[in-house]
Amino acid sequence: MVWRRIFNRDSESEKPQYSAFSQDDEHASHSVQPLENPPANEAHAARRIPLHMQQALSGQRRKPETDDPQARLATLRRRRTAALYDAEQGEMAQAEDNPWRERAELLTESLETVESDRAAVIQIDKQPYHPVEPAPIRDLNVDLDNDIATVAFDIGKERFRWEEPRDWAERGRQVIRDDLVRTSGATDPLLPGDVPAALRDPLRAHLDASLFVLATDLRDQALNDEPMPTGLTLADLARPCPKCGGWTDVLGRCQACARRHARIQQLDQERNRLLSERAEELEEEHRMAERLSIARRRLADIDTEIATLERASM
Ligand SMILES: [Zn+2]
């Protein structure tokens, strides 16, 4: 049981945000004695305050509360407000319907939406496909003169050419190279005559991207002193994806599958966020409910002390 594990954690180690048992009490118990070394945060703030002000301030703090019944009463009433708040929160947390549980239920609903979105995304939709001619990719050439790469190859009658932007060399030797820019070669003549009208634009877009991937890969291989690939054809730029059936690039990567994976990752992150938020809500509910009896006892003690002081001052 997940909640049991969360609830069994040592709740004492976690400082409550709104608590009657926080700095106020600790400070009050220490403030009876003169402070040799003020707490770190106080020391930090004190450095910006002039010396005489520091002395005046610390004099105020050191003054024993019991000397002045009115000051003591003011402190007690302040603590009473905090204890009352804790008691009210505790009562709320012990009720069947409470804000923490309400928020947890809303988070559960969001989780269900994420789960159903994920179930829908994980279904692999069949992507459109149409093969292209196995036309040879010829005369591969990569030129690295002056550290500016140009890549060229022929497909059919088209001469394709890419260049790195000219300002590359001027910006010094950076590790990341600029994207290649196509300066010649048209994609349209590569489209097969029998491609259905509805697939013309998607296939052209795929080939544009796939040609760019090939040019970039050729440049990177040349930069790594690797030999140019041989026997490449246009068909290698548009093979069917084994998962979704759509087009893949020359490196076997599929855009539709990459988008699906990214969406699944996004949904998983969302699911984890919702799960931890829900756990926090229920943990907080448990913590507040657990503190109710202590808060009530505290409240009673403070009330007794206030009554005693008020009687004495009458
Ligand atoms: Zn795919």
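Predicted model: local features only at pLDDT ≥ 70, side-chain atom pairs only at ≥ 80, totals over all residues.
Local features are given where pLDDT is at least 70, side-chain atom pairs count only at pLDDT 80 or more, and totals for chains, interfaces and linings use all residues. Residues are numbered from 1 along each chain as its sequence is written.

**Overall.** The protein has nine helices and six strands; these are DSSP runs numbered from the N terminus, helices being H or I with at least four residues and strands E with at least two. Of its 314 residues, 15% count as buried (20 or more other C-beta atoms within 10 Å of the residue's own, with C-beta atoms placed from the backbone). Among contacts with a separation of 6 or more, 69% join residues 24 or more positions apart; a contact requires C-beta atoms, placed from the backbone, within 7 Å.

**The sheet.** Four strands make an open sheet with the order β1-β2-β3-β4 and antiparallel pairing; strands pair if DSSP finds at least two bridges between them. β1 and β4 are the edge strands, each with a single partner, so one side of each has no neighbour in the sheet. From one strand to the next the twist averages 20°.

Helix α7 (residues 197–223) packs on this sheet and touches β1, β2 and β3, its direction making about 50° with that of β1. Axes here are lines fitted to C-alpha atoms, for helices over the stretch in contact, and angles run from 0 to 180 degrees between N-to-C directions.

β1 and β2 form a hairpin with six residues between them, and asparagine 146 in the turn has a positive phi of about 55°. Five bridges join these antiparallel strands. Two facing pairs are listed below.

**The α5–α8 pair.** Helix α5 (residues 69–94) packs against helix α8 (residues 255–290) at about 120°, with the axes 7 Å apart. That angle makes α5 oblique to α8; under 35 degrees counts as roughly parallel, over 145 as roughly antiparallel, 65 to 115 as roughly perpendicular and the rest as oblique. The crossing is left-handed, meaning that the near helix is turned anticlockwise from the far one by less than a right angle.

α5 contributes Gln89, Gly90, Ala93 and Gln94 to the contact, and α8 contributes Glu285, Met288 and Ala289. By class, the contact has three nonpolar, three polar and one charged residues (nonpolar: Ala, Val, Leu, Ile, Met, Phe, Trp, Tyr, Cys and Pro; charged: Asp, Glu, Lys and Arg; polar: the others, Gly among them).

Technical notes. Contact = placed C-beta atoms within 7 Å. Buried ≥ 20, exposed ≤ 12 C-beta atoms within 10 Å, placed from the backbone.
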